[in-house]
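Welcome! Let us walk through this structure together, one step at a time.

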Amino acid sequence: MNNRSIAPKFWDRFWRLANPKVFMGWSGRALPWAAAAAGLSLCSGLIWGYFFTPDDIRQGSTVKIIYLHVPAALMAINGYLLMFVGALVWLIRRQHVSVLAAKAAAPVGMVMTLIALATGAIWGQPMWGTYWVWDPRLTSFLILFLFYVGYIALWAAIEDEDTAADLTSVLAIVGAVFAMLSRYAVLFWNQGLHQGTTVTMADGAQQDNISNVFFQPLLLSMAGFGLLFLTLLLIGTRTEVRSRRLKVLQARERME
Amino acid sequence: MIHLFLRDVGLSVRSGGGFGLALIFFLIVVTLIPFALGPDQSALAVVAPGVLWLGALLACLLSLDRIFGLDFEDGTLDLLATSPLPQEAVYIAKAAAHWLTTGLPLALAAPVLGVLLNLDFEIGKILGLSLLLGTPALSLIGAFGASLTLGVKRGGLLLSLLVLPLYVPSLIFGAQAVRLAGQGLAYDGALVLLSAISLGAAAILPFASGAALRINLR
């Protein structure tokens, strides 16, 4: 009996956080903290990574681009995941904040994808001898970028906001399925030049791929990128909520 | 549903610029390829599978906005929405009609056009088979994209922006099957995966597209 009464209470309180008014309250309070934490961990992670780690024996100082490349790639994928979850919550529960968060996540995720592609190209030139190869990982990131562009374009094209929210959510969900499909289809298509995952979270496996000297600042800058994403997401979502309120006010004014 | 399917097939066969257009477009693409790449026979044979798949894909894209566009404008879709037929069935009927008038002719024509690009006729037959298995996915995904962009004015460019990334897996497996066949390797794995995409699209996309249609007709 007790167990059954606790669980719904928790979910009630959880979903209340997505009420626009409540959301504006807690996100306004959380925003400075998230921004400060993002700035702090990004600065310390990047400075540590760039100035206080030794050069790699084979790669020289180019190894340091990993502090931008890996976190950006991580957030590019997580951004799409977030869009997918936001779309799903919108379609099921009609929480406006969730679809606005998905809308706000799209440009941030797109820029993260671009950062990952650009830093990868800059690293690839001295290491592989070419800026670009049609390698599965590179290609699937390019496709991910196209998915982001399509999602943003569809938002921009539809006038009515609720219709746009519904249709882009359907697109985000179908797109997520096809993005995964493309990810594995390109493996079938070409052999990879990109190395395997550098960071594995499994215990012990980490030692084989990356030395702790590089790993600790990398972890810090990954946290920094995550917090940066969160900060930008909160700002974007708050802007969307405010712009909706503005539109309602304008509509009300016209009525009078 | 069958009536709707027959009506759509009939309309696109009879009205000018629907049925034959995709096929002619395909022929023109194939004609232009040697001008772009040079008339070297061996080079043409190398690129032929990919080029033919790409041509079929673009030809398929051409007629997508016709699937729902005219019916949306003249109110037929609203009438269909009030009929007992679910939106999912409307989507399936329209996608099937699109495939019958676009995908199937393309698949049948591909081996012949392959000969123009110095593709061995035996391999051309495999190309036709891969298109036969792959074009249902192209029609289904395309009709889904068309149902998303229904309310957008002049949404043709947006439609291709949304649909082309979704075509990537089909294109990869389809062109890969023909390329493997050209090298004398086993190609049935690629064909199986290609059919899997078509079947998966037929299983999932009706629901997504039905939802999109209902949203647009709201």
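At what angle do helix H3 (residues 41–62) of chain B and helix H9 (residues 168–182) of chain B pack, and how far apart are their axes? A quick reminder before we answer: this is a predicted model. Two packed helices are described by the angle between their axes and by the distance between those axes. Here the angle is about 150°, and the axes are 9 Å apart. An angle over 145 degrees counts as roughly antiparallel, so H3(B) is roughly antiparallel to H9(B). The crossing in which H3(B) passes H9(B) is right-handed.

Now look at the residues that come together there. From H3(B) come Pro49(B), Gly50(B), Trp53(B) and Leu57(B), and they meet Leu171(B), Gly174(B), Ala175(B), Val178(B), Arg179(B) and Gly182(B) of H9(B).

In soluble globular proteins, nonpolar side chains tend to be buried together. The largest nonpolar core in this model has 138 residues, and Ala56(B) and Ile141(B) are those with the most contacts inside it. Helix H7 (residues 121–148) of chain B gives the most to this core, with 14 residues. If you find Ile141(B), you can trace its partners: leaving aside residues up to four places away in sequence, Ile141(B) touches Val163(B), Leu166(B), Tyr167(B), Ala201(B) and Leu205(B).

Let us turn to chain A. Chain A has 8 helices and 0 strands, so its elements, followed from the N terminus, read α-α-α-α-α-α-α-α. Of the 256 residues in chain A, 36% are buried. Among its contacts between residues at least 6 apart in sequence, 77% join residues at least 24 apart.

Finally, two loops deserve a visit. Most residues other than glycine have a negative phi. Arg94(A) has a positive phi, near 55°, and sits in the loop between helix H3 (66–93) and helix H4 (96–128) of chain A. Is Arg94(A) buried or exposed? With 12 other C-beta atoms within 10 Å, Arg94(A) is exposed, because 12 or fewer is the cut-off for that class. In chain B, Asn118(B) also has a positive phi, near 60°, and lies in the loop between helix H6 (87–116) and H7. Asn118(B) has 16 other C-beta atoms within 10 Å and is therefore partly exposed.

Key:
Residues numbered from 1 in each chain as written. Chains lettered and ligands numbered in written order. Predicted model: local features only at pLDDT ≥ 70, side-chain atom pairs only at ≥ 80, totals over all residues. Core = buried A, V, L, I, M, F, W, Y, C linked by C-beta atoms within 7 Å. Buried ≥ 20, exposed ≤ 12 C-beta atoms within 10 Å, placed from the backbone. Helix = DSSP H or I, 4+ residues; strand = E, 2+ residues; numbered from the N terminus. Contact = placed C-beta atoms within 7 Å. Axes fitted to C-alpha atoms, helices over the stretch in contact; angles between N-to-C directions. Parallel < 35°, antiparallel > 145°, perpendicular 65-115°, else oblique. Left-handed = near helix turned anticlockwise from the far one by under 90°.
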